[in-house]
Every structure is written in structure tokens, then in C-alpha cells.
Amino acid sequence: MTESISAVVCDAGSIIHLDELNQLSLFRDFSTIFVTQTVKQEVEKHRSIDLSQLSTEIIPEPVVDSQLSTWATTFCLHAGEQSALSYACTKKNVIFLTDDAAARFVAGQMKLRVYGTIGVLLRAVRRGLKSSNEIKSCLESIPHRSTLHIRANLLNQVIEELEKYHN
């Protein structure tokens, strides 16, 4: 992740997962968190989070262009993912945060920088916001504290890499 990028456009997943892991404070490392109205509603449907405490900028719904609309239909993207992707395309030097595999693929096709919950956690170690032990503990808690779907072997690989480079 390029550390000079300090603004993110989020879909609901990363916000929800970081809240489940009690790590919403990591959003303070970003200058702005752009959230569409649809994403805000999705977050509020699943969690009691005051997004105004996260330096969020709630933005009106962007118009989804025909190319994104086609991809959204093809890859079954939810409304929040569509609106966040559409808005991310209008901004320069932002990170698109999502944990959804299809949304990540589409974002890659749109030449966006894409990261998810795991990327935010690892960024916190690189930037000295959290110790590697704190993040290791957080990563280990994902299967029982979060609705984030990640293969066990991938999660173990991330933990091993964290230990290898930060201990």
C-alpha cells in the first residue's frame, strides 16, 4: 500500500469488520473516509456506528456508468459496492476498501488501488500505530469475532508473514 495515499472510499464490509474487531480507530490514519449514502445505510443496518466520529464524508449517490453497471450485474455487486466503486472512480489517489472478492476484481479492472480489512491492519503495523503483537492477536481473533470471510490457510499465512517481518 502506498503510504502517501491518505483518503479511502469504503464499502460497508471493511467498516463493519474493523468495528467487529474493535479497530475502528485505525481509520484515524486516513485523512478522509468517503462513504456513500447507500454504504452508510448498509453499515447502520448491521452495526451501531457513529460514522461522524471517523472523519467520514458522507457523499450523495454517484451515478453508476454503463460499464460499471455491466460489471455489477455480471459479478452480482451489491448497491453499496456499486456506489462506492462509482465514487472511487471520480477521485484521484484514493484507496478503495472492500473485502468482497468480486468488488476487488472489478476495482482492479477499473485500475483502482484496492485493500481490505487485513490491509488496514497491516498498515497499522507499518505506520507504527499498533504493535505486531497487537495486530497478530487481532488477526487470530477474526474467525470468532468477525464476519470477515477469509480462508484459514490465507489467514495463517498473513500471520506467519507478520511474525517473520515484524518480530
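Which element gives the most to the lining of the largest pocket? I looked this up first, keeping in mind that the model is predicted. The element is H1, with five residues.

**Entry 1, largest pocket.** I noted a volume of about 410 Å³ for the largest pocket. Its lining is made up of 18 residues, and those nearest the centre are Ala12, Gly13, Ile16, His17 and Glu81. I then sorted the lining by class and wrote down eight charged, seven polar and three nonpolar residues.

I picked His17 from the residues nearest the centre of the largest pocket. His17 sits in helix H1, which covers residues 12–20. Is His17 buried or exposed? I found a relative accessible area of 9%, under the 20% limit, so His17 counts as buried. Next I listed its contacts, leaving out neighbours within four places in sequence: Asp99, Thr117, Ser146, Thr147 and Leu148. For Leu148 I also noted a distance of 3.5 Å from its backbone nitrogen to a polar atom of the His17 side chain.

I recorded about 240 Å³ of space in the second largest pocket. It is lined by 13 residues, with Asp99, Arg104, His149, Ile150 and Leu154 closest to its centre. Asp99 had already come up among the contacts of His17. Helix H5 (101–109) and helix H6 (117–126) each supply at least two residues of this lining. Which of the elements gives the most here? I found H6, with three residues. By class the lining divides into six nonpolar, four polar and three charged residues.

Side chains of opposite charge can pair when their charged atoms come close. I counted six salt bridges and went through some of them.

I took Arg127 and Asp29, whose closest N and O atoms are 2.5 Å apart. This pair links distant parts of the chain, 98 residues apart. Arg127 lies in the loop between H6 and helix H7 (132–145), and Asp29 in the loop between H1 and strand E2 (32–36). Asp29 is buried at 16% relative accessible area, whereas Arg127 is partly exposed at 36%.

I turned to Glu44 and Lys40, which meet in a salt bridge at 3.0 Å, N to O. How many residues apart are Glu44 and Lys40 in helix H2? They are four apart, so about one helical turn separates them. Glu44 counts as partly exposed at 40% relative accessibility, and Lys40 also counts as partly exposed, at 24%.

I then checked Glu163 and Lys136, where the salt bridge has an N to O distance of 2.7 Å. Here too the pair links distant parts of the chain: Glu163 is in helix H8 (residues 152–166) and Lys136 in helix H7, 27 residues apart. Glu163 is partly exposed, with a relative accessible area of 30%. Lys136 is partly exposed as well, with 23%.

Last, I looked for shared partners. Which residues do such salt bridges join into one network? I found Asp29, Arg123 and Arg127.

Methods. Residues are numbered from 1 along each chain as its sequence is written. This is a predicted model: local features need pLDDT of at least 70, side-chain atom pairs count only at pLDDT 80 or more; totals for chains, interfaces and linings use all residues. Side-chain values use heavy atoms; hydrogens and water are left out. Buried means under 20% relative accessible area, exposed over 50%, partly exposed in between (1.4 Å probe, protein chains only). A polar contact is a pair of N or O atoms within 3.5 Å; within protein, one must be able to donate a hydrogen and the other to accept it, and residues adjacent in sequence count only if both atoms are side-chain atoms. Contact means heavy atoms within 4.5 Å. On a 1 Å grid over the protein atoms alone, a cavity is a set of points where a 1.4 Å probe fits but cannot get out, and a pocket is an open set with protein on both sides within 12 Å along at least five of seven lines; lining residues have an atom within 4 Å of a point. Grid points are joined across faces, edges and corners, and a volume is the space filled by probe spheres set on the points. Ala, Val, Leu, Ile, Met, Phe, Trp, Tyr, Cys and Pro count as nonpolar, Asp, Glu, Lys and Arg as charged, and the others, Gly among them, as polar. A salt bridge is a side-chain nitrogen of Lys or Arg within 4 Å of a carboxyl oxygen of Asp or Glu.
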